[in-house]
Amino acid sequence: MEYFIQQLINGISVGSIYALIALGYTMVYGIIKLINFAHGDVFMVGSFIGLYSAKYLTDAGFPPVVVLILSLVISMTISALLGITIERLAYKPLRKSTRIAALITAIGVSFLLEYTGVLILGPQAQGFPDIMDKKQFTLFGSSIQVESNQVMILLTTIILMIILQYIVRFTKTGKAMRAVSFDVEAARLMGINVDRTISATFAIGSALAAAAGVIFGMTYNSVDPLMGVMPGLKAFVAAVLGGIGSIPGALVGGLLLGTVETEISSLGFSSWRDGVAFAVLILILIFKPSGLFGKNVREKV
Amino acid sequence: MKKLNTNFWVGIIVALAFYGIVQVLLTTGIFSDVTRSMLLLIGVNIMLAVSLNLITGITGQFSIGHAGFMSVGAYTSAILTLDYNVPFIPAILAGGVLAAVFGVLIGMPTLRLNGDYLAIATLGFGEIIRIIMLNTEYVGGASGLSGIPAKTTWTMLFLFTLITVVVINNFIGSTHGRACIAIRENEIAAEAMGINTTRYKIIAFTIGALFAGMAGGLSAHTFYVITPGSFNFLKSFEIIVMVVLGGLGSTAGSIVGAVFVTLLYTYLREFPEWRMIIYSIVLILMMIFRPSGLLGKTKFSLGKLGKKEAKANDAISESSAS
């Protein structure tokens, strides 16, 4: 039982990373119906920006907490700009074309980011600096351990989620995003600047992916230019699991997937982990295609 | 109808002439080994692209798991020739048949899905097949199978490619093919017209998987080694890219796309750092400036002979779309 809870805690910290990436997928899909395959690579870019800013800031002598917050902010800002640029250059010209063309473009952007990364940074993995000293906390006696890192990851995720909920629910941009995802044409008639809203969606999604990238670097201490592929796919699975287009769905899907994966690994089937993730995806799609939190959309004739 | 027949025979004759010329060039040694293996790769890719085109371009079912079928065919035929000394052609056919069985298995449950959800489900299936191979010691796990006899000759490959193109192209032209096109254009309308959409989607998946499996077997017997990693979703993407670049829904387009992508890949190999960057930029620009692909919806026909008919067909499909 204690072992199970220990794995649950580990699962939640992996799941938070998936959840943060899944949010970007779900928001972009909700608004322009595009599976943004490049999203996993924005996560990678965010991670590298986090790595370099953390190194630079630590050398400059800032205290660890400041380093963490500043590198998160820097990484999220630059990645948000990257997201907007990608949207403007690659996806905007394709808004009227077929879904498959948009999808191929997304794959193209994904390759472009990955291999530009390989060209500039080299293919080998790089160590992520330890921003904060790792401490172990013990809970309920002595058997369950929580790392300070894990607490921090969960805290960061929760804070970002609260900010996101605030943006989506109460700000003008958030309302515009919800309107556009409900009905683009009607939103346009109501005077909403659709292009700007889509850009804002990409910016927010990319910023969250970047945050996930920094957290990922801190958890696994190693980043490389091709690292975005698998987490990107898994996050998409998480988004579908929760019901694509739904923000709480992405959170729950991510945490659920992270937990299932860690439990599977802890049972000694770690090489089957990815397979289980996809099997979960297919089962969900077959039995509840709209996901756990998704709405069923009737097909109009 | 007569026109189609002449076209068909002209096509076969041109293909055979091409085969003859290449065969002469190969036996006289004008073509190097590098060119030979590139030709084999092109043939395999043509089979893959044409078979995916049946699923995605003609029936409109978006599948990103084609490499999974290829992998089933490759492993099956390789095990048969390696461990059981089965002759080459039956081994390839067995690989194709097993892949077709997987096509039925994958087709059936995923029929409830469409569009992007189907795409993701097929991607999941492809990945699951890869992970199963990765974890099965019998097929070599992560290091894969090696020492597969290189039995794929230019003649064999040409025959299989020709059969693929002829069978799939004739299927597309048949009543059944038209039913598939109807599903692509509007599934609900097709159903209302009495087309059994479920049946045709399974047929499309099965035929597509059959030929993808055979292509997998042929490629396994060309390159000595197969690993689970060579059938990941990047391979599936590559096949989709061939189909889309050539022109979705056009057999000729798929062939052109397969040749184009293979050549691009092979020649860019000289600039390893820049290869994927150039490739991705070509991809993005292509989709922005010519999303209908190199050949658009051109039908498989030669010169002016077939043009009228192609136009007539397009008019039919356009009027049904609107």
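Biologist: With which residue does Asp274(A) form a salt bridge, and how far apart are the closest N and O atoms?

Modeller: First, the general idea: side chains of opposite charge can pair when their charged atoms come close. The rule here asks for a side-chain nitrogen of Lys or Arg within 4 Å of a carboxyl oxygen of Asp or Glu. In this case Asp274(A) pairs with Arg273(A), and the closest N and O atoms are 3.8 Å apart. Keep in mind that this is a predicted model, where local features need pLDDT of at least 70, side-chain atom pairs count only at pLDDT 80 or more, and totals for chains, interfaces and linings use all residues. Residues are numbered from 1 along each chain as its sequence is written, chains are lettered from A and ligands numbered from 1 in the order in which they are written, and side-chain values use heavy atoms, with hydrogens and water left out.

Biologist: Is Asp274(A) buried or exposed?

Modeller: We call a residue buried under 20% relative accessible area, exposed over 50%, and partly exposed in between (1.4 Å probe, protein chains only). Asp274(A) counts as buried because its relative accessibility is 16%.

Biologist: What area do chain A and chain B bury between them?

Modeller: The size of an interface is often given as the accessible area lost when the parts come together. Here that loss is taken with a 1.4 Å probe and summed over both parts. Chain A and chain B bury about 3,700 Å², 83% of it on carbon and sulfur atoms. Ile100(A), Ile104(A) and Phe111(A) supply 17% of the area that chain A buries against chain B, more than any other three residues.

Biologist: How many residues of chain A are in contact with chain B?

Modeller: Contact means heavy atoms within 4.5 Å. By that rule 42 residues of chain A touch 40 residues of chain B. Between the two chains the number of salt bridges is zero.

Biologist: Which element gives the most to the side of chain A that touches chain B?

Modeller: That is α4(A), with 14 residues.

Biologist: Where does UniProt place the "transmembrane region" feature in chain A?

Modeller: Such annotations may be inferred rather than shown by experiment; feature names are shortened, and positions follow the numbering used here. The unreviewed UniProt entry lists several spans for chain A, including residues 98-122 and 272-293. In the model, residues 98-122 of chain A are 92% helix and 0% strand, with end C-alpha atoms 35 Å apart. Residues 272-293 of chain A are 68% helix and 0% strand, and their end C-alpha atoms lie 27 Å apart.

Conventions:
Buried area is the accessible area (1.4 Å probe) that two parts lose on being put together, summed over both. Helices (H or I, at least four residues) and strands (E, at least two) are DSSP runs, numbered from the N terminus.
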